[in-house]
Amino acid sequence: MIAMTHVVNTFPSAKVLSKSGGLPVEVSLIAQLGLGSGNHLFESVVARQKAHAAFVDELDEPSAKLAGTYFERGDATSLYSFIVGAKGHPFHRHAGHRVFTAVSGSGGAQLRFSSASPVQIEADPQSFFDALQYINIPPDCLFTVRFGGDTWHQFAPAQPNSNHPAFFALSCHTNELGGNLTPALRGKVIANEADIPSLTELLPASVSKRLQRGSFDASKIATTSLSLDAPAGSVQSAMCLTTRSTAGILRGAWSKWRGSTGFTTDTGVNMVVTALKAAPVDSLLQQQFEGEKYHHDDTFCLILDDADATKKSATTLLAAALDGFLENSPPNVRRMMAFRNVLVKPVGLRTSPLGCPVSSLLSPKRDNLFAHRFPVLSQSCDAENTHAQVILGADDKHLKFRSCVSVKVLNARQVEYTLGTRVQCTNLFGRFYMAAIDQVHRRYITPAMLRMAVEYATSRASAHEQITAAALPTN
């Protein structure tokens, strides 16, 4: 085959027409990234994607559903992340159309497509190879891919036996119900329980066996090589590949060793925490150290708008908030507690990774559990299950603290969350300790912990509602 190079002034692109009447494959290069960026990005994404609640590792294509459908609002789209490593993945197809944006690894990637239909393959397996075309992507490149449903495709590193991953991608499924889905799979999509593996069909055995044997001449496959800055096959391109490959190995190893951390910072506009002058009269906190002298007292309140407030029990909401204290504590509070633990451990004081208002949630005691999971000192719930509260706390050498976490359903649209704390100092060091932390406790620690716990609780509730939401009729 004779290679012909064309100079373009826009995004280098390739279009592969379908030989079975379907939509074409369209691939465009967008930008060339820094040396080794592809491997660096890939390794950082691997850890984040693996930690995602919707992570799936099947068919050599680890993926995570980042956003699901909202059929009840007329939206049938979904968003996924997925990666293709150094071994590539098997040929497969999906019923629905696919659009994704990706960053290639530092060794480049090869995209393989065949538009042969199942009918054509059944009549003659060679038809798959007759329709096969490759598109080569250079290393460390941002690119886009769009192809119709039923297009067979396989993605792999540009070079065989490569040490570099193929790419990381964000894929938009424009219509999860698109294509000819089986009734069972359609039901799974409507229930928002579908994922990339469940929406995947592998090649028939008659073709996959020929691929495995390598009984076809890959050099005769029509191939389009896209590139930026230098044409494919040039000396400059080869030098670029060598440099990027070396940088990719180093940056990929560094990213893998360093690990990945992310942060979410919210202005709190919808979750305003307010300091109350005193604990509510019906709060269990009022009973703590009753008749005794105490040295610190605060209560913070957050009223959350919830359109379905009266449909939820206070005990369920409180359990979710307590989970939030455990799973979504503010990073700065964790750091402050870690520093405090180092300082006080030599003198034998109690240590905990959680802020003191709720640190007793990690207690091993199981004699009094709320929701069969959370160790508490006391608990209460009214007959209507609209107001639930628990007392947390512990006794240390220098002080005793008691905290009340409360959830009250105010009306059909509002829920009130409160977190209050009382401290009784038992010696002079305790008073000095409380004087030192009083302001940061009032101005940051307790408000931040309450806000982030409620954010976690509501996000988990939203995710649950999304999964169980009623879907549109299938007919």
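## Cys-172 in strand β12

Cys-172 sits in strand β12. This comes from a predicted model. Is Cys-172 buried, partly exposed or exposed? Its relative accessibility is 29%. Cys-172 therefore counts as partly exposed, because that class lies between the 20% limit for buried and the 50% limit for exposed.

Which residues does Cys-172 touch, once neighbours within four places in sequence are set aside? They are Ser-78, Leu-79, Arg-98 and Val-99. Take Ser-78 as an example. Along the sequence, Ser-78 and Cys-172 are 94 residues apart. In space, their C-alpha atoms are 5.9 Å apart.

## The sheet around β12

Strand β12 covers residues 167-173.

Now move to strand β21, residues 399-411. How many of its 13 residues are buried? The count is 10, and the strand is mostly covered.

On one hand, β21 pairs with strand β20, residues 387-395. The two are antiparallel and share 9 bridges. A hairpin of 3 residues links β20 to β21. Asp-395 has Lys-400 of β21 as its bridge partner.

On the other hand, β21 pairs with strand β22, residues 414-425. Here there are 12 bridges, and the strands again run antiparallel. This hairpin has 2 residues between β21 and β22. Ser-403 has Thr-421 of β22 as its bridge partner.

## Buried residues in loops

His-89 lies in the loop between β5 (78-84) and β6 (92-93). Its relative accessibility is 3%. His-89 is therefore buried, because the cut-off for buried is under 20%. What surrounds it? Leaving aside neighbours within four places in sequence, His-89 contacts Leu-59, Asp-60, Glu-61, Val-84, His-153, Gln-154 and Phe-155.

Ser-329 is also a loop residue, placed between α7 (314-327) and α8 (331-344). Ser-329 has a relative accessible area of 8%, so it counts as buried. Beyond residues up to four places away in sequence, Ser-329 touches Gly-324, Arg-334, Leu-354 and Met-452.

## Two residues with positive phi

Asn-192 is not a glycine, yet its phi is positive, at about 60 degrees. Where is Asn-192 found? It is in the loop between α4 (183-190) and β13 (201-202). The relative accessible area of Asn-192 is 9%, so this residue is buried.

Asp-229 is not a glycine either, and its phi is positive, at about 80 degrees. Asp-229 is found in the loop between β14 (222-225) and α6 (235-258). Is Asp-229 buried or exposed? Its relative accessible area is 67%, so Asp-229 is exposed. The reason is that exposed means over 50%.

## The whole chain

The C-alpha atoms fill a box of roughly 95 × 55 × 40 Å along the principal axes. What is the radius of gyration of the protein chain? It is 29 Å, whereas a compact globule of 475 residues would be near 23 Å.

Buried residues make up 45% of the 475 residues. The chain exposes about 24,500 Å², and carbon and sulfur atoms supply 55% of that area. Consider the contacts with a separation of 6 or more: 74% of them come from residues 24 or more positions apart. Finally, the chain carries 44 positive and 39 negative charges.

Terms used:
Residues are numbered from 1 along each chain as its sequence is written. This is a predicted model: local features need pLDDT of at least 70, side-chain atom pairs count only at pLDDT 80 or more; totals for chains, interfaces and linings use all residues. Side-chain values use heavy atoms; hydrogens and water are left out. Helices (H or I, at least four residues) and strands (E, at least two) are DSSP runs, numbered from the N terminus. Buried means under 20% relative accessible area, exposed over 50%, partly exposed in between (1.4 Å probe, protein chains only). Contact means heavy atoms within 4.5 Å. The radius of gyration is taken over C-alpha atoms; the globule rule is 2.2 Å times the number of residues to the power 0.38. Accessible areas come from the Shrake-Rupley method with a 1.4 Å probe; for residues, only the protein chains shown count as cover. Lys and Arg count as positive and Asp and Glu as negative; His and the chain ends are not counted. The place of a charge is taken as NZ of Lys, CZ of Arg, CG of Asp or CD of Glu. Two strands pair if DSSP finds at least two bridges between them.
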